[in-house]
Amino acid sequence: MRNLSFNVKCWDKKYFLAFLITLLCSIICGIVLYKPVTTNVYIRNLGADYVFNVFNFNNTPLFFTHLIGDVLYFYIFFLLCYYTKLRYLTLVFLYLRGLFFGIYVVVLLCANSIGGILAAIFVFIPATLISVAVCYVLTEICKSFDKRYCLLVPLIISLIDGVVLMLLVNVVFRVVIIIV
């Protein structure tokens, strides 16, 4: 039972506050940087492709892009917290993630009309917020994993997060489309 024991003596309240402040500031910065970024055709096409894939239930591109991003961020957070004592260095990567999150949300909401609003509200925002919450929990409990299995934990968690994304697309979004 020691392998799955997540008994953390006390979670760092200062880190949690810094995590929330960094996330909030990065989202605000992403919203403010919306205008200069929309001149880039790549970002607008990325938003249009995301909405197209959500509405046509193309699970493969959605799953793999989400999985690659999650694996990258989860391993960065995990390795920085597991092998070093520089937990606050993860806030730099959280800032980048929140910045891109803010930009993509505004692109989905403004550039892609009603379809973008529905895709952002019911798929993109919940999936990304769940992923960010997993990043925080992963930084808090990373030391409690067994050393033999510790390097597989971010991969397994990213696969679970990908399954949550597929549930959001294929269950929640389908119900919303049927209702609307």
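## A buried tyrosine and its partner

Y136 has a relative accessibility of 8% in this predicted model, and it counts as buried because buried means under 20% relative accessible area. Y15 is buried as well, with a relative accessible area of 0%. The rings of Y15 and Y136 form a stacked pair, since their centres are 5.8 Å apart and their planes meet at 10°.

Across the whole structure, a search finds 16 aromatic pairs. One of them brings together Y15 and Y88 in an edge-to-face arrangement, with 5.5 Å from centre to centre and 75° between the planes. Here too distant parts of the chain are linked, as Y15 lies in helix 1 (residues 13-32) and Y88 in the loop between helix 4 and helix 5, 73 residues apart. Y88 is partly exposed, with a relative accessible area of 40%, whereas Y15 is buried.

Y15, Y88 and Y136 are among the members of one aromatic cluster, which also includes W11, F16 and F19. Y15 has a further contact with T139, a residue of helix 6 that is buried at a relative accessible area of 1%.

Two aromatic rings have a charged residue over the face: K143 lies over Y82, at 5.7 Å from the ring centre, and R174 lies over F57, at 4.0 Å from the ring centre.

F100, which is found in helix 5, counts as partly exposed at 39% relative accessibility. Between F100 and F78 there are 22 residues of separation in sequence and 20 Å in space, taken from C-alpha to C-alpha.

## The largest pocket

The largest pocket holds about 720 Å³ of space. Its lining is made up of 24 residues, and L46, T65, H66, Y104 and F124 are those that lie nearest the centre. Two or more lining residues come from each of helix 3 (41-55), helix 4 (59-83), helix 5 (90-111) and helix 6 (113-141). By residue type, the lining of this pocket divides into 15 nonpolar, six polar and three charged residues.

Note on methods
Residues numbered from 1 in each chain as written. Predicted model: local features only at pLDDT ≥ 70, side-chain atom pairs only at ≥ 80, totals over all residues. Heavy atoms only, no water. 1 Å grid on protein atoms, 1.4 Å probe; cavity = no way out; pocket = protein on both sides within 12 Å on 5 of 7 lines; lining within 4 Å. Points joined across faces, edges and corners; volume = space filled by probe spheres on them. Helix = DSSP H or I, 4+ residues; strand = E, 2+ residues; numbered from the N terminus. Nonpolar A, V, L, I, M, F, W, Y, C, P; charged D, E, K, R; others polar. Buried < 20%, exposed > 50% of the residue type's maximum accessible area, 1.4 Å probe, protein only. Contact = heavy atoms within 4.5 Å. Phe/Tyr/Trp six-rings, centres within 6.5 Å; stacked < 30°, edge-to-face > 60°. Lys NZ or Arg CZ within 6 Å of the ring centre and 35° of its normal. Lists of a residue's contacts leave out its neighbours within four places in sequence.
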